[in-house]
Amino acid sequence: MGDRALTSGRVFFIRGWSKLRYRLSEWRSFLSFPMHLSLPTAGAGGLTVVLFGIPYADWNALLSDIEFWRDLGGVSTVWRLPAFAWLLSLFGSASAVVVPMKSAHCRDLPAGRRGLFPCRHSVSILDDKRAFQGYIDAHGLAAHCPRSYASPAAAEYPCVVKRLDTSGSIGVKVARSREHLAEILRQPIFVDRSYVLQELVPGTTEHASFFICRDGRVLWHWTFASTMSGPAEIKSEENDKNRLIVPTPAAAIAGLEAILAPLGYCGPCIANYKIAPDGRPRFFEINPRFGGSLLQRKQKAELREAMTCILANASAR
């Protein structure tokens, strides 16, 4: 009992220290780029955009590049602000379009701000894997997602084990058997963490689609597909080298709209899925924010399209 408590304490300390270092590195990166951009060529009475919240570190370069914003939807001023409501009231007028950088920043927004972003309820559902599963079950949408297993005993192996509080491929493993699952759950990244068990969807091609939505309908989309070495390989930044830009499957647009319609979802989101043998997508997760791949310089044209769509459809929320 004492050894377990000591191990848990060490894990807790390491996690806390790692999280603090990560947040500090995000702040350092954020502050090393301009927080205010002025585009006089947009003319008088141009649009003010507020990028609300500290973004992931590799987003700063493109978002603070004045050439990215030039001739984009009449934008004349861009503010990049930490997610403090009092800063928004100082630098963002009521007519400014607010673009939250992360899903958590949507929760920090005061009511009535202009933009195209998800409401707190949508974020609470999509940002929590267990809440998302409950939402899927409650609305009869299970056909759009992998099957979920209630316990290790009920699972069909191999299956996918996912931590509830991470994103991307962090805290996602394939368990080959119940014994292998027990080994995985003893790893430090899973110790004392809640998790879900999901069906391993067949196929070696995984899609990532980036959407801008309004009232649960897709306004804009962009997709890439990654081919893995086998169906049991989890896509990650390390192995995602075989990536191709592809047309967004019509079935994926229809499936996403079916899932998001009851929420009346607004704003950007990133969906990861495989196309199952029956031709329908199985959505692993839908994150209520921009996807990082869209924020890379080589995707500048696509991000400009996405931002133009947001500005054209912004309204008081």
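**View 1. Aromatic pairs in the predicted model.** Nine aromatic pairs are counted in this predicted model, where rings of Phe, Tyr and Trp (its six-membered ring) pair if their centres lie within 6.5 Å, and planes under 30 degrees apart count as stacked, over 60 as edge-to-face and the rest as tilted. The pair of Phe 68 and Trp 69 is edge-to-face, because the ring centres are 5.0 Å apart and the planes stand at 90°. Phe 68 and Trp 69 are both buried (under 20% relative accessible area, with exposed over 50% and partly exposed in between, for a 1.4 Å probe and protein chains only). Residues are numbered from 1 along each chain as its sequence is written, and side-chain values use heavy atoms, leaving out hydrogens and water. Because the model is predicted, local features need pLDDT of at least 70 and side-chain atom pairs count only at pLDDT 80 or more, while totals for chains, interfaces and linings use all residues.

**View 2. The stacked pair of Phe 84 and Trp 86****.** The ring centres of Phe 84 and Trp 86 lie 6.2 Å apart, with 20° between the planes. Phe 84 counts as partly exposed, at 37% relative accessibility, whereas Trp 86 is exposed, at 54% relative accessible area.

**View 3. A ring cluster and charges over rings.** Phe 210, Trp 222 and Phe 224 are linked into a cluster by ring pairs. Arg 243 lies over the face of Phe 224, 3.8 Å from the ring centre, and Lys 102 lies over the face of Tyr 56, at 4.3 Å from the ring centre; a charge sits over a ring if NZ of Lys or CZ of Arg is within 6 Å of the ring centre and within 35 degrees of the ring normal.
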